[in-house]
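Here are my notes for your first look through this model. Keep the 3D view open and follow the strands one by one as you read.

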Amino acid sequence: MDSRRIAHYHLPGLFEFFEFYQVFLPLFYAHREYFFDWCDIGSIYGAPADCIWGGGRVGGGERDPHEVLALLGEYGISARLTFSNSLLKAEHLSDAKCNALCRLFERSGENGVIVHSDLLLKALRQRYPGLYFVSSTTKVLTEFDQCRHEAERGEFRYVVPDFRLNKAFEQLQTLPEPLREKLEFLCNECCWVSCRERKACYEAVSRKNLGEAGPEHRCTAPDAQGGYRFSKAMKNPAFISVDDIRSRYLPMGFSNFKIEGRGLGSALLLEFLLYYMTKPEYHLPVREEVYLSNTLDLF
């Protein structure tokens, strides 16, 4: 198959869902006939608990990063640290834990860091030139010209647009091929498409990761109390379906797709992977292989 028509999925929970990936990755690579031949795994992203550089979501998982990198290295999958805290100051850049993780990731393969702060980006590029960098969706760049400018920045290998630009096809069509290759679309966002508080929500998470006091962000979106539902995400105007990927994005030259899911649990992660990666006739065998593993607590 033409490599330009391969969808590269970037999956959540590098540390949080380590046990899940211990089961799923061997299944994915041993039984490729279960899965669509037009997709692969581009990376797995996340951050362990208690990382002050963390952002987007509060980090989860205490797994030894050497084990995490060994698992991904076995399958040639890139690992990404989600260090997208938006409130970092100069005094935070010396954090021992986060720097140690960057050193380890730099020497352990083709790995990257998802960043928000230009202050952090500058420091990491100087200290760890072997890492690549991804511009975080937490920047909430909702205007297309902002997104294009971000993609034009040479510091970034990938840029994750705000999900509300997912269907801006007329504008996306104007991008040259090198910029199309850099965009990484957030497929399954459940957030209200008319939300104007997304930046404040991310800042609240950033404060929490820094251990700073501050007001809790209370979402005012309709049905916010219902939490994340994949069925609700599918009704979002910005939702990217499997058919969208195959019939529209891949032919246009867009091949990178991010699946959100940190903090949502292994059972829901499995549903995402069944929907986006698994042939319908193999949903049950894949479910059985994962559910029957006695190493997992899916609920």
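1. S2 and S3 run parallel and are joined by four bridges; two strands count as paired if DSSP finds at least two bridges between them. Helices (H or I, at least four residues) and strands (E, at least two) are DSSP runs, numbered from the N terminus.

2. A word on what you are looking at. This is a predicted model, in which local features need pLDDT of at least 70 and side-chain atom pairs count only at pLDDT 80 or more, while totals for chains, interfaces and linings use all residues. Residues are numbered from 1 along each chain as its sequence is written, and side-chain values use heavy atoms, with hydrogens and water left out.

3. How confident is the predictor? The average pLDDT (confidence in each residue, from 0 to 100) is 88 for the chain, and 86% of the residues score at least 70.

4. Buried means under 20% relative accessible area, exposed over 50%, and partly exposed in between (1.4 Å probe, protein chains only). S2 also runs parallel to strand S1 (residues 7–12), with six bridges joining them; Pro12 stands opposite Tyr45 there. The chain gets from S1 to S2 through helix H1 (residues 18–30) in a right-handed β-α-β crossover. Right-handed means that, with the strands pointing away from the viewer, the path from the first strand over the helix to the second runs clockwise.

5. Now look at strand S4 (residues 112–115). Which of its faces are covered? Both are: Gly112 and Ile114 on one side, and Val113 and Val115 on the other, are all buried. S4 pairs in the parallel sense with strand S3 (residues 78–83) over four bridges, and Val115 is the bridge partner of Phe83. Helix H3 (residues 96–106) carries the chain from S3 to S4, again in a right-handed crossover.

6. Four bridges also join S4 to strand S5 (residues 132–135), running parallel, with Gly112 partnered by Tyr132. S4, helix H4 (residues 118–127) and S5 make a right-handed β-α-β unit.

Note on methods
pLDDT is the predictor's confidence in each residue, from 0 to 100.
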